[in-house]
Amino acid sequence: MDYEGQKLSEILFYYIIILFGVIGWIYGYFLQDFTYVFYSWGVGVGISILLCVPDWPIFNKHPVKWLESIPDRSQGESKKNK
């Protein structure tokens, strides 16, 4: 997962949690039962974990380009000494 993918995953996680919490709060308010808030929130957490934790291809659209490795100095010095 690249840095942009991490940002997308975090935003998606927050919106899913908030959406399900609000829906649960409204539903629980009308039924006068606070447990529906926790049920809804738990479903939101489960869905967000399924969508945000695995490394889906949508989170890898901006790969990080790494620098070439630098040869180890001690290997170069041992070759010169021989």
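This is a predicted model: local features need pLDDT of at least 70, side-chain atom pairs count only at pLDDT 80 or more; totals for chains, interfaces and linings use all residues.

Me: OK, α1 then. How many residues does it have, and how far does it reach?
Reply: α1 has 29 residues and reaches 42 Å from its first C-alpha to its last, close to the 42 Å expected at 1.5 Å a residue; the expected span is 1.5 Å times one less than the number of residues. Helices here are DSSP runs (H or I, at least four residues), numbered from the N terminus.

Me: Which residues of α1 are buried?
Reply: G5, S9, I16, I17, G21, G24 and G28 are buried in α1, where buried means under 20% relative accessible area, exposed means over 50%, and partly exposed lies in between (1.4 Å probe, protein chains only). What covers these buried residues includes α2.

Me: And α2, what length should it span?
Reply: Helix α2 (residues 35-52) has 18 residues and should span 26 Å at 1.5 Å a residue, which agrees with the 25 Å between its end C-alpha atoms. Its buried residues are V37, S40, G44, V45, S48 and C52. They cover an arc of only 145 degrees around the axis, which puts them on the same side of α2; the arc is that of the directions from the helix axis to the C-beta atoms.

Me: What do they pack against, and what is on the other side?
Reply: The buried residues of α2 pack against α1, whereas Y39 and L50 are exposed on the other side of α2.

Me: Take S40. Buried or exposed, and by how much?
Reply: S40, in helix α2, has a relative accessible area of 12% and is therefore buried. Not counting residues up to four places away in sequence, S40 touches F20, G21, I23 and G24, where contact means heavy atoms within 4.5 Å.

Me: And L50?
Reply: L50 is also found in helix α2, but its relative accessible area is 59%, so L50 is exposed.

Me: Since you mention Q32, what is its phi?
Reply: Phi of Q32 is near 55 degrees, a positive value in a residue other than glycine. Most residues other than glycine have a negative phi. Q32 follows α1 and has its place in the loop between α1 and α2; at 66% relative accessibility, Q32 counts as exposed.

Me: Where is W25, and which residues is it in contact with?
Reply: W25 has its place in helix α1 and, leaving aside its neighbours within four places in sequence, is in contact with F34 and V37. W25 and W56 are 31 residues apart in sequence and 30 Å apart in space, C-alpha to C-alpha.

Me: Switching to D2, where does it sit?
Reply: D2 is in the segment before α1 (3-31). D2 is buried yet has no salt bridge, and the nearest side chain of opposite charge, K61, is 9.7 Å away. A salt bridge is a side-chain nitrogen of Lys or Arg within 4 Å of a carboxyl oxygen of Asp or Glu, with Lys and Arg counted as positive, Asp and Glu as negative, and His and the chain ends not counted.

Me: What does its side chain reach, then?
Reply: The D2 side chain reaches the backbone nitrogen of H62 at 2.6 Å and the backbone nitrogen of K61 at 3.5 Å. Beyond its neighbours within four places in sequence, D2 is in contact with residues including F59, N60 and P63.

Definitions and conventions: Residues are numbered from 1 along each chain as its sequence is written. Side-chain values use heavy atoms; hydrogens and water are left out. Helices (H or I, at least four residues) and strands (E, at least two) are DSSP runs, numbered from the N terminus. A polar contact is a pair of N or O atoms within 3.5 Å; within protein, one must be able to donate a hydrogen and the other to accept it, and residues adjacent in sequence count only if both atoms are side-chain atoms.
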